[in-house]
Amino acid sequence: MAKSAKAATAQANEPQVAAEAKKPAKRTAKKPAAEAPKKTENIYVQYGGKEWDAGELAEKAKAAYAAEGHRVSAIKDLKLYIKPEEGMAYYVINGKASGSVEL
C-alpha cells in the first residue's frame, strides 16, 4: 500500500510540475536597437560643364505634383527623366500623372 500512496502522491504532483512548466518565461525589457545609419545616396548629373542633384530634382517634381492639387503622400512610384540638353526633367508619378520641371 505504501507504493500506491507514493505513486498517487507522485501523480498528484506531476500535473503541478507540468502546469509550472507551461508558464511563460518572464520577459525582460529589451535594449533599444542602435539606429542604423541613414542611407545617403547622392546622384548627380553632369553635362556641358553643369551639375544637377537628382534628389533635388525629384523634390522639385514632387512639389510640382503637389501644386497641381495632388497629395505628396499618395506618391508610390516616381520616375524621373533628366534631359540636360533641353534643360528639363520630366516625371511620371504612379504611372499616370506626368509633368516637367526646369533644371
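Tutor: The protein exposes about 8900 Å², of which carbon and sulfur atoms supply 53%; accessible areas come from the Shrake-Rupley method with a 1.4 Å probe, and for residues only the protein chains shown count as cover. This is a predicted model, in which local features need pLDDT of at least 70 and side-chain atom pairs count only at pLDDT 80 or more, while totals for chains, interfaces and linings use all residues. Residues are numbered from 1 along each chain as its sequence is written, and side-chain values use heavy atoms, with hydrogens and water left out.

Student: In what order do the elements of the protein run from the N terminus on?

Tutor: Helices (H or I, at least four residues) and strands (E, at least two) are DSSP runs, numbered from the N terminus. The protein has 2 helices and 5 strands. Their order is α-β-β-α-β-β-β.

Student: Which residue in β2 is the bridge partner of Y47?

Tutor: Two strands pair if DSSP finds at least two bridges between them. Strands β1 (residues 44-47) and β2 (residues 50-53) run antiparallel and are joined by 4 bridges. They form a hairpin with 2 residues between them, and G48 in the turn has a positive phi of about 55°. The partner of Y47 is K50.

Student: Does Q46 count as buried or exposed?

Tutor: Q46 lies in strand β1, and its side chain makes a polar contact with the side chain of E51 (2.6 Å). Such a contact is a pair of N or O atoms within 3.5 Å; within protein, one must be able to donate a hydrogen and the other to accept it, and residues adjacent in sequence count only if both atoms are side-chain atoms. Buried means under 20% relative accessible area, exposed over 50%, and partly exposed in between (1.4 Å probe, protein chains only). Because its relative accessibility is 60%, Q46 counts as exposed.

Student: What is the phi of N94?

Tutor: N94 is found in the loop between β4 and β5. Most residues other than glycine have a negative phi. N94, a residue other than glycine, has a positive phi, near 55°.
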